[in-house]
Amino acid sequence: MDDNSVSSLVALDNAVEAVAARVTPAVVNVAVTSRVTGEEAGDDDSQDSGGQIPQGAIPPEFRKFFGPMGRGQNPQGQIEHGIGSGIIISPDGYIVTNNHVVDGATQVRVTLNDRRVFNAKVVGVDKLNDLAVIKINANNLTTVAWGDSTKLHPGQTVLAFGSPFGYFQFSVTRGIVSALDRPNPYTDDPRKPGDYIQTDAAINPGNSGGPLVDAHGELV
């Protein structure tokens with residue numbers, strides 16, 4: 001096929017590659033160790049699947065969409081390992097992720113795009129909005145700029161970044177804004193807000209906490 005017949009697709013590919021190259025260095029993997037009680041360990045009725053999808057990779061309300069989930073526990077069921085993603089928002093090591101990724105954590109370890117690993121501490125959480133801020137001791141880190149989600153429109157291109165399943169780090173998927181202002185999907189607390197962005201960009205287990213960015217590479 002000649003260049004003219006595929007020029008539009010090539011231009012789209014080039015644009016997506018440019019956004020991905022800009023955002024990827026700011027995406028991190030978040031690995032969490034937590035200690036659970038015997039009662040909490042028995043809450044999940046799924047069978048251990050060898051830890052392929054560790055507990056904490058996806059919130060309980062959405063696990064039914066991904067099938068059985070392994071818990072990654074020790075034989076006594078007291079230690080739990082989870083994985084997620086995050087996005088660096090300041091050069092001195094502040095990172096945004098989901099609260100459910102770090103909830104109850106006794107240890108949080110962050111792996112950067114360049115494979116450096118840091119211990120992290122949780123510095124703030126917003127449980128209703130399922131957000132958390134964690135901090136690592138590092139400087140001169142690549143960050144992603146904040147966008148304005150109120151200016152989104154259905155049909156706009158968005159990219160989702162993360163480290164799905166904890167094994168395949170720093171992936172990117174492309175989609176569109178399918179709808180806006182979706183209501184609260186949670187059933188455990190009616191106070192949790194809605195206004196969700198619906199997208200058809202693939203969101204894999206382990207992407208929790210990773211960024212959704214617009215065509216300018218800004219966090220929405």
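The model is predicted: local features need pLDDT of at least 70, side-chain atom pairs count only at pLDDT 80 or more, and totals for chains, interfaces and linings use all residues. Residues are numbered from 1 along each chain as its sequence is written, and side-chain values use heavy atoms, with hydrogens and water left out. The protein chain holds three helices and ten strands. Helices (H or I, at least four residues) and strands (E, at least two) are DSSP runs, numbered from the N terminus.

**Overall fold**

- Along the sequence, the protein chain reads α-β-α-β-β-α-β-β-β-β-β-β-β.
- The protein chain has 220 residues, and 42% of them are buried. Buried means under 20% relative accessible area, exposed means over 50%, and partly exposed lies in between (1.4 Å probe, protein chains only).
- Among contacts in the protein chain with a separation of 6 or more, 67% link residues 24 or more positions apart. A contact means heavy atoms within 4.5 Å.
- The accessible surface of the protein chain is about 11,800 Å². Carbon and sulfur atoms hold 51% of that surface. Areas come from the Shrake-Rupley method with a 1.4 Å probe; for residues, only the protein chains shown count as cover.

**Strand 1 and its partners**

- Strand 1 spans residues 27-35, and seven of its nine residues are buried, so strand 1 is largely enclosed by the rest of the structure.
- Strand 1 pairs with strand 2 in the antiparallel sense, over nine bridges. Two strands pair if DSSP finds at least two bridges between them.
- Val32 has Gly82 of strand 2 as its bridge partner.
- Strand 1 also runs antiparallel to strand 4 (residues 105-111), joined by six bridges.
- Thr33 has Gln107 of strand 4 as its bridge partner.

- Strand 2 (residues 79-88) and strand 3 (residues 94-97) run antiparallel and are joined by two bridges.
- The two strands form a hairpin with five residues between them. Gly93 sits in the turn and has a positive phi of about 105°.
- Strand 3 pairs with strand 6 (residues 131-136) over four bridges, again antiparallel.
- Thr97 has Ala132 of strand 6 as its bridge partner.

**Val96, in strand 3**

- Val96 lies in strand 3 and stands opposite Ile87.
- Val96 is buried, at 14% relative accessible area.
- Its contacts, leaving out residues up to four places away in sequence, are Gly86, Ile87, Ile89, Leu131, Ala132, Val133, Trp146 and Gly209.
- Val96 and Ile134 are 38 residues apart in sequence, yet their C-alpha atoms are 6.5 Å apart.

- Ser90 sits in the loop between strand 2 and strand 3.
- Ser90 is buried, with a relative accessible area of 13%.
- The Ser90 side chain reaches the backbone nitrogen of Tyr94 at 3.2 Å.
- Leaving out residues up to four places away in sequence, Ser90 touches Leu141 and Thr143.

**Ala20, in helix 1**

- Ala20 belongs to helix 1 (residues 7-23).
- Ala20 counts as buried because its relative accessibility is 14%.
- Ala20 touches Leu159 and Phe161, not counting residues up to four places away in sequence.
- Ala20 and Thr173 are 153 residues apart in sequence, and their C-alpha atoms are 9.5 Å apart.

Key:
Polar contact = N/O pair within 3.5 Å; in protein donor to acceptor, adjacent residues only side chain to side chain.
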